[in-house]
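Hi everyone, thanks for coming. Let me put the structure up, and then we can walk through a few places in it together.

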Amino acid sequence: MPVVGLEHLEPDEIWLRQWNVNPDENTFTKGFKKGQLLFGRRRAYQKKMSLAPCDGICSGDITVIAARPEKIVPELLPYYLRTDAFFDFAMRGSGGSLSPRVKWSHISDYEFDLPPMDEQKKLAELLWAANDLKESYKKAINATDEMLKAKFREMFGDAGDDSSRGGAEARRIRKGKELFKFSSGKFLSSEKRLGSGIPVYGGNGIAWYTNKSLINFDTLVFGRVGEYCGNVRLVKHPAWITDNAIFIQDFKEKVFDLRFLYHYCKWIDFSRFASETGQPKITQAPLEDFEYKIPPLSLQREFVAIADKAESAKANLKKSIAAIDQVMKGLINQ
């Protein structure tokens, strides 16, 4: 029986794509059916809502929503609820400070305009056709990532082992603390969090903006807390780094190309160094003690040139996805 927790709901995925199967320990008792929506009612600002492809059991922090087929075509419901308008409404009803939750009594009052049933069916067909096209672009992005990862292994092995072209030349092995100086980001008070300005990076990318920078150099940022523990991002300056992330303070350009180091690190599972009790968390120590194999700079830059072309192709695909999203929002007037 599939068992679904909040961690399995992905904000950008209309379909539920991951779950546990018959885990050794399970306290969940809430059932759901194929075709029903699973809404993450805890921390609704994360915008987690997925369509179930099968029956299963889910966390009490997930609200299960089913369409009334006499009122709305079930295939249409996800598109009216996976909107900014719905999540904004849900967040206004969140209760609790540390881990706010939304009650069904609040979101059940959410209102939206619907066309007649015959028009709903046509609209659902259009939206799902657009979604299929969007999914094909997302698959192309994933395929590009896999191609790039395969090229990295071909040139450098798994993080530079000796079985590869670059790995055979990567005789130098250095611990992180010999190559870099790591620092923790700094807390940013709520009154300094703005809607525009200098980007503020947390463990999962840009969290807010502010009017003051913490760094005046490009760097790598590592998520250190929670589900984004171990995530790595390439960050351009100026920027602010929050206290739930770690960044490289001092970088030796004569040893590593920063963009190469980004690709190197993003395929390393740093989350395995996280604490095993309470909320996952990593410190600077495992990053400092990790042993990096150093390929020649010429090979690093050769790989970066390939990666730049791949990233450009991905950027074009993402623009196409954004255009499809705009069309879909227009179809339901959202």
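In which sense do β3 and strand β6 pair, and over how many bridges? They pair in the antiparallel sense, over three bridges, with β6 covering residues 56–58. Within that pairing, G31 sits opposite I57 of β6. A word on terms: strands (E, at least two residues) and helices (H or I, at least four) are DSSP runs, numbered from the N terminus, and two strands pair if DSSP finds at least two bridges between them.

Before going on, please note that this is a predicted model: local features need pLDDT of at least 70, side-chain atom pairs count only at pLDDT 80 or more, and totals for chains, interfaces and linings use all residues. Residues are numbered from 1 along each chain as its sequence is written, and side-chain values use heavy atoms, leaving out hydrogens and water.

Now step back to the open sheet, where four strands run in the order β2-β1-β6-β3 with mixed pairing. Its edge strands, β2 (20–21) and β3 (30–32), each pair on one side only.

Next, please find R224, in the loop between β14 (219–223) and β15 (232–235). From F32, R224 is 192 residues away in sequence and 33 Å away in space, C-alpha to C-alpha. A polar atom of the R224 side chain lies 2.6 Å from the backbone oxygen of D243.

Last stop: V327, in helix α8 (residues 297–331). V327 counts as exposed because its relative accessibility is 51%, and exposed means over 50% relative accessible area (1.4 Å probe, protein chains only).

Methods: Polar contact = N/O pair within 3.5 Å; in protein donor to acceptor, adjacent residues only side chain to side chain. Buried < 20%, exposed > 50% of the residue type's maximum accessible area, 1.4 Å probe, protein only.
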